[in-house]
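I opened a new page for this structure. I will go through it step by step and write down what I look up.

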Amino acid sequence: MRRAASVALSLVASVALLAGCAGGLSDEGEALTPEQAEQLANARFQLSTVDTFVAEISVGADDATDHLVARVTVDPENHVAWGTLSRGPEKLAVDTEIIMSPELYATGGEGAWQAQDWSGETATLPIVFSLSTDRPENASLLRQSDARFLGSEDDLDVFRLPTESGDGSSTSRLWLDGNRISRLDTTTGALTIDVDRDADPDPRPDAVDELVQ
Amino acid sequence: MTAGLIALGLTGCGSTGADPQQLVRVTNDDELAEAGSLVADGGLILIEEGTYHGTLQVSADDVTVRGADRGAVILDGELDASSGIVGTGERFTVENLTVRNYLQNGVLVTGVTDENGAGVARGPDGYLPDAAPDPVPGYLVQYVTAENNGLYGIYAFNRTGGIIRDNLATGGSDSGIYVGQCESCNALVENNVMQWSAVGLELANASDVTVAGNRIVENRIGITVLSNYLEAHGPTKNTVIAGNVISNNNTAETPEHANGAFGTGVGLSGTVGARVTANRIEGNDNVGVWITSSEDFAPSDTTLENNAWAENGLDVSFTPSANATGENNCVAENGAVTDPAGIRCDPGPGTYVQPTAPTGISFAKVALPPERPGLETVDETPRELPDTIERPDPASIEIPAADLLEAAS
């Protein structure tokens, strides 16, 4: 019962496993205090309590040919999202509408939606759904894990996420404003998800409901 | 940041400078936050009718926290606060109130404190039996309604000599009631209603616990008794489960179980000396009692006898892992449907596999049950608890009626 709960955050952390160095933050970090453990434990549940949130998911380097940016409105209860997908280097990117679920996604827009399974570089995009969960983590288990407090930057508290193996190898970081998630990224630069709490959600396309059926 | 949090913690837990008081009345949130630092050893915190937000932390010994009305004194975490009531002192009582919507625990009675003196459930070191602090004696949690809390409704950790009775625990993401990390818990869990949680009752590395006369229904799994390496003092030994109604644990409108359990009455995982007797175990769609291993903890010396079985998918399944098969496990249940068939003593492993569970709901969205009766008399006299308790002789316990504790009032 408890071990499975403890690895939930480690699944989020598994998006990248390459070593890297943080900027102005501690590389090794500090063991979590009880307060920090609760702060981290409650963050993903807190995001699940909103009707929708807007997130921008950036995969790969800005100038890479396989660079992806998805700016989507996420419905955390139903695990669906919709918005715009930009493919290609930043200055040459081609935009298309996207609707997505953890299992598949579709692009093309109204009347021309084409559903596809996640594969290749796009397979990273559904990690956005793991930013919310229907319950808090077990704070006590987090204190026993290899999650670490890395420091504060830009008024945000930054945590290294735990791994299932407990070997401290995660390069994934969660940036919190209190209990609120502001960003998930990797120290390798492979992935950044920014949560924009001030943005208005996009209208929900009718095709979203068809996608998730 | 860490230093800042520690400083804040010191401020939050420190004395207000006032003389300790034998009677502390709580009528608003500010008083709730201060009450724990005001109360004297042997004192009473009396919470008047109202809805409160925040956390009550109590470290003094022999303190009673009492609500003026079980259904009308509500500590509501509003899905923001972590725990409702945290008690760390010896012989601690909580009674006659409601705790709901906390992100971690409704009521936490713990024998472990952090560097600031705040109560925690385990330190960062996990399974280190030699490093585990001595258990703190004495606790009583009664006439408490713990509903829709993110981890455990009522949680006793590293304690001994405790009674959890006449409570309603519902809507727990993990379990409604939990007893953990006590080498000899000397605990009695009796006359409680546990429903609509992922697990009704969980005992982990908790030895010498008696679970008697409870109504444990409509969860995903009614009771789990397990051993693990996340807490000190495994394996769990000498659990007695007697005289309970453990039925219909098939409710999908509950929080999902972390390991996907559903339709299960009792799970015994890596336990030693568990005795399950005189229970009514009915209508659990998958299995009534599931005996298995937990990591390398083997199920041993298990006794199932004199239970009433009806309409379970299987009544009993025995499926230990190959490297932790255990011994002296006996099922003396004529007519029970078992896996493997015809279990008596030390059967070979069965083939039961947990089916996929249905999708659940958030703990925050579990329906609120009808109110239950509170204390008949509410006065200003604190409880006087012993360090140890008497537990009933399971041989004296009879199979209960199906409607045990069914009526709300």
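My entries below go from model confidence to the sheets and then to single residues.

**Entry 1: confidence**

I note at the start that this is a predicted model. I looked up the overall scores: ipTM is 0.81 and pTM is 0.89. Then I turned to chain B, where pLDDT averages 93. In chain B, 95% of the residues score at least 70.

Where in chain B does the pLDDT fall below 50? I found this over residues 1–15. The model gives that stretch 21 contacts beyond near neighbours in sequence.

**Entry 2: chain A in outline**

I moved to chain A. I counted off 5 helices and 11 strands there. The chain has 213 residues, and buried residues make up 47% of them. I also checked how far apart in sequence the contacting residues are. Among contacts with a separation of 6 or more, 56% join residues 24 or more positions apart.

**Entry 3: the sheet of chain A**

In which order do the strands of the open sheet in chain A lie? I wrote down 6-5-4-3-2-1-11-10-9-8-7. The sheet has 11 strands, and the pairing is antiparallel. I then looked at the edges, where I found strand 6 (114–117) and strand 7 (148–153) of chain A. Each has a single partner strand, so one side of each is left without a neighbour in the sheet. From one strand to the next, the twist averages 25°.

I picked one pair to follow. Strand 3 (residues 80–87) and strand 4 (residues 94–100) of chain A run antiparallel and are joined by 7 bridges. I looked for a facing pair and found A:A81 opposite A:M100, which is in strand 4 of chain A.

**Entry 4: the domains of chain B**

Back to chain B. I looked up its division: domain 1 covers 26–121 and domain 2 covers 142–378. Their centres, taken over C-alpha atoms, are 27 Å apart. The contact between them takes 26 residues from domain 1 and 24 residues from domain 2 of chain B.

Which strand gives the largest share of the side of domain 1 that touches domain 2 of chain B? I found strand 8 of chain B, with 7 residues. Strand 8 spans 92–100, and strand 9 of chain B spans 105–110. Each of these two supplies at least two residues of that side. I sorted the residues of that side by kind: 12 are nonpolar, 9 polar and 5 charged.

**Entry 5: the sheet of chain B**

I read off an open sheet of 11 strands in chain B, in the order 4-7-9-13-16-19-22-25-28-31-33. Here the pairing is parallel. Strand 4 (56–58) and strand 33 (338–339) of chain B stand at the edges. Each has a single partner strand, so one side of each is left without a neighbour in the sheet.

I checked the pairing of strand 33 of chain B with strand 31 (residues 314–319) of chain B. They pair in the parallel sense over 2 bridges. B:V316 stands opposite B:T338, which is in strand 33 of chain B.

**Entry 6: backbone details in chain B**

I looked for cis peptide bonds. One runs from B:G234 to B:P235, with omega near 0°. B:P235 is in the loop between strand 22 (221–226) and strand 23 (240–242) of chain B. Another cis bond runs from B:D339 to B:P340, again with omega near 0°. B:P340 is placed in the segment after strand 33 of chain B.

Then I looked at phi. B:D346 is not a glycine, yet its phi is positive, about 45°. B:L405 is not a glycine either, and its phi is about 55°. Like B:D346, B:L405 is in the segment after strand 33 of chain B.

Is each of them buried or partly exposed? B:D346 has 13 C-beta neighbours inside 10 Å, so it counts as partly exposed. B:L405 has 20 C-beta neighbours inside 10 Å, so it counts as buried. The cut-off for buried is 20 or more.

Terms used: Residues are numbered from 1 along each chain as its sequence is written. Chains are lettered from A and ligands numbered from 1 in the order in which they are written. This is a predicted model: local features need pLDDT of at least 70, side-chain atom pairs count only at pLDDT 80 or more; totals for chains, interfaces and linings use all residues. Domain bounds come from an automatic or database domain assignment. Two residues are in contact if their C-beta atoms, placed from the backbone, lie within 7 Å. Helices (H or I, at least four residues) and strands (E, at least two) are DSSP runs, numbered from the N terminus. Ala, Val, Leu, Ile, Met, Phe, Trp, Tyr, Cys and Pro count as nonpolar, Asp, Glu, Lys and Arg as charged, and the others, Gly among them, as polar. Two strands pair if DSSP finds at least two bridges between them. pLDDT is the predictor's confidence in each residue, from 0 to 100. A residue is buried if 20 or more other C-beta atoms lie within 10 Å of its own, exposed if 12 or fewer, and partly exposed in between; C-beta atoms are placed from the backbone. Axes are lines fitted to C-alpha atoms, for helices over the stretch in contact, and angles run from 0 to 180 degrees between N-to-C directions.
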